[in-house]
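This report is meant for a reader who is meeting the structure for the first time. Please look through the sequence and the model before going on to the sections below.

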Amino acid sequence: MSIAAHVTGVQHVGVPTNHLETTIRFYESLGFTVRLRTGTAQEPVAFLELENLTIETYQNGKAAGQPGAIDHIALDVDDIDAAYAEVR
């Protein structure tokens, strides 16, 4: 079996930023709402949702600062242990 057999959808897309509050305002202007704020004082994190799309944005001071600077895409799976075994 392949990893693809376990993937059920996109969990979230990770977008680093150098200015979290500015990034939140941008996504809110597109219709996203903040669903969760977490992280640390050094690296604050916000999860924003618009219908079935979730963006995790986090201020790490290392963002590329150019279009398309996505750090990661997280996937939902039906069986994390089986998916992990396939990846290994």
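## Terms and confidence

A residue is called buried when its relative accessible area is under 20%, exposed when that area is over 50%, and partly exposed in between. Tyr 27, with a relative accessible area of 14%, is therefore buried.

The model described here is predicted, and its mean pLDDT is 88, with 97% of the residues reaching 70 or more. Among the elements of the protein, strand 2 (residues 33-39) has the highest mean pLDDT, at 96, while strand 5 has the lowest, at 81. Where pLDDT is low, the predicted coordinates should not be read in detail.

## Overall layout

The protein contains two helices and five strands, and from the N terminus on these elements follow the order β-α-β-β-β-β-α.

Of the 88 residues of the protein, 28% count as buried. The protein exposes about 6,000 Å², of which carbon and sulfur atoms supply 53%. Among contacts with a separation of 6 or more, residues 24 or more positions apart account for 58%.

## The aromatic cluster

The structure holds two aromatic pairs. In one of them, the rings of Phe 26 and Tyr 27 have centres 5.1 Å apart and planes at 75 degrees, so this pair is edge-to-face. The rings of Tyr 27 and Phe 32 have their centres 5.3 Å apart and their planes at 80 degrees, and this pair is therefore edge-to-face as well.

Through these ring pairs, Phe 26, Tyr 27 and Phe 32 are linked into a cluster.

Ile 24 is found in helix 1, which covers residues 20-29, and with a relative accessible area of 4% Ile 24 is buried. Leaving aside neighbours within four places in sequence, Ile 24 is in contact with Val 34, Arg 37, Ala 46 and Leu 48. Ile 24 and Tyr 58 stand 34 residues apart in sequence, and their C-alpha atoms are 9.9 Å apart in space.

His 6 lies in the segment before strand 1 and is buried, with a relative accessible area of 6%. Not counting residues up to four places away in sequence, His 6 touches Met 1, Asp 76, Val 77, Asp 78, Asp 79, Ala 82, Ala 83 and Glu 86.

## Salt bridges

The count of salt bridges comes to two. In one of them the side chains of Arg 37 and Glu 21 meet, with an N to O distance of 2.4 Å. Arg 37 lies in strand 2 and Glu 21 in helix 1, so the pair ties together parts that are 16 residues apart in sequence. Both partners are partly exposed, Arg 37 at 44% relative accessibility and Glu 21 at 41%.

Glu 49 forms a salt bridge with Arg 35, and here the closest N and O atoms are 3.1 Å apart. This pair links distant parts of the chain, since Glu 49 belongs to strand 3 and Arg 35 to strand 2, 14 residues apart. Glu 49 counts as partly exposed at 28% relative accessibility, whereas Arg 35 is exposed, with a relative accessible area of 54%.

## Features of the surface

A nonpolar patch on the surface is formed by Ile 3, Val 7, Val 10, Ile 70, Ile 73, Leu 75 and Val 87, which together have about 610 Å² of accessible area. The elements that give two or more residues to this patch are strand 1 (7-17) and strand 5 (72-77). Val 87, a further member of the patch, is found in helix 2, residues 80-87, and is exposed, with a relative accessible area of 62%.

Glu 51 lies in the loop between strand 3 (44-50) and strand 4 (53-59), and with a relative accessible area of 79% Glu 51 is exposed. The phi angle of Glu 51 is near 55 degrees, which is a positive value in a residue other than glycine.

Conventions. Residues are numbered from 1 along each chain as its sequence is written. Side-chain values use heavy atoms; hydrogens and water are left out. Patches are made of residues with over 30% relative accessible area and no salt bridge: like charges are joined within 9 Å, nonpolar side chains (Val, Leu, Ile, Met, Phe, Trp, Tyr) within 5 Å. Accessible areas come from the Shrake-Rupley method with a 1.4 Å probe; for residues, only the protein chains shown count as cover. A salt bridge is a side-chain nitrogen of Lys or Arg within 4 Å of a carboxyl oxygen of Asp or Glu. Helices (H or I, at least four residues) and strands (E, at least two) are DSSP runs, numbered from the N terminus. Buried means under 20% relative accessible area, exposed over 50%, partly exposed in between (1.4 Å probe, protein chains only). Contact means heavy atoms within 4.5 Å. Rings of Phe, Tyr and Trp (its six-membered ring) pair if their centres lie within 6.5 Å; planes under 30 degrees apart count as stacked, over 60 as edge-to-face and the rest as tilted. pLDDT is the predictor's confidence in each residue, from 0 to 100.
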